[in-house]
Amino acid sequence: GFVTWHVTTAAVAYALGDTATMARELDHLAHRSFAFVEDHTYTAVATIVARPILALHDRAAASALYPRLLPLSGTMTWNGLSTHGPVDAGLACLAAVLGDDAAVRRHVGTSRELVERLGAPHLLWPELGELAPGSQERDIGPGT
């Protein structure tokens with residue numbers, strides 16, 4: 001099937017707290033080496049799948065995606081029509097699964113800086129406040 005729909009299904013399952021569906025979709029994506037099409041939707045698809053990975057603490061998936069997303073740190077996701085927030089939000093989730101607290105704080109800080117510069121605090125993922133509650137950066141978004 002079309003990989004983007006499997007990511008979307010995993011993201012909806014995350015929002016619903018449906019761990020069985022998240023696990024099924026992540027397994028499907030992992031068996032295809034997270035082969036996201038590198039087109040105008042790539043950053044959105046590769047970033048939003050980080051939330052289900054975080055929810056399931058899927059270390060193998062985090063290890064596969066983190067180095068692929070890292071070069072995009074400091075940018076916003078894009079799906080062709082809109083953004084899903086900073087790429088660093090997904091990187092923070094993946095770094096948390098990998099146990100890299102310094103990277104979590106760095107990515108949370110970058111996420112906060114980006115949404116503040118854009119004047120778009122609604123784009124700051126609520127999970128970030130939970131991942132780096134003691135970070136030095138100013139809290140500006142919901143859930144932080």
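This is a predicted model: local features need pLDDT of at least 70, side-chain atom pairs count only at pLDDT 80 or more; totals for chains, interfaces and linings use all residues.
User: Where does Asp-18 sit in the chain?
Analyst: Helices here are DSSP runs of H or I with at least four residues, strands are runs of E with at least two, and both are numbered from the N terminus. By that scheme, Asp-18 is found in the loop between α1 and α2.

User: How far apart are the C-alpha atoms of Asp-18 and Pro-52?
Analyst: Along the chain, Asp-18 and Pro-52 are 34 residues apart.

User: How many helices and strands does the protein chain have?
Analyst: Reading from the N terminus, the elements go α-α-α-α-α-α-α-α. The count is eight helices and zero strands.

User: Why is the chain called as compact as a globular protein of its length?
Analyst: The radius of gyration is taken over C-alpha atoms, and the globule rule is 2.2 Å times the number of residues to the power 0.38. For 144 residues that rule gives 15 Å, and the chain is close to it, so it counts as that compact, with a radius of gyration of 14 Å.

User: What share of the residues counts as buried?
Analyst: The protein chain has 144 residues. Of these, the buried share is 44%.

User: How many residues does the largest nonpolar core have?
Analyst: A nonpolar core is a set of buried Ala, Val, Leu, Ile, Met, Phe, Trp, Tyr and Cys residues joined through side-chain atoms within 4.5 Å. Those with the most contacts inside the largest one are Leu-29, Phe-36, Val-49, Ile-53 and Leu-94. In soluble globular proteins, nonpolar side chains tend to be buried together. For this core, the number of residues is 37.

User: Which element gives the most to this core?
Analyst: Elements that give two or more residues to the core include α1, α2 (19-31) and α6 (87-98). With eight residues, the top giver is α6.

User: Which residues does Val-3 touch, not counting those up to four places away in sequence?
Analyst: Val-3 lies in helix α1 (residues 3-16), and at 16% relative accessibility it counts as buried. Contact means heavy atoms within 4.5 Å. On that basis, Val-3 touches Leu-29, Ala-35 and Phe-36.

User: What does Leu-29 contact, leaving aside its neighbours within four places in sequence?
Analyst: Leu-29 is one of the residues with the most contacts inside the largest nonpolar core. Its partners are Val-3, His-6, Val-7, Phe-34, Phe-36 and Val-49.

User: Are Ser-33 and Phe-34 buried or exposed?
Analyst: Ser-33 has a relative accessible area of 56%, while Phe-34 is at 3%. So Ser-33 is exposed, and Phe-34 is buried.

User: Which residues are in contact with Ala-89, leaving aside its neighbours within four places in sequence?
Analyst: Ala-89 has its place in helix α6 and is buried, with a relative accessible area of 0%. Its contacts are Ser-111, Trp-125 and Leu-128.

Notes:
Residues are numbered from 1 along each chain as its sequence is written. Side-chain values use heavy atoms; hydrogens and water are left out. Buried means under 20% relative accessible area, exposed over 50%, partly exposed in between (1.4 Å probe, protein chains only).
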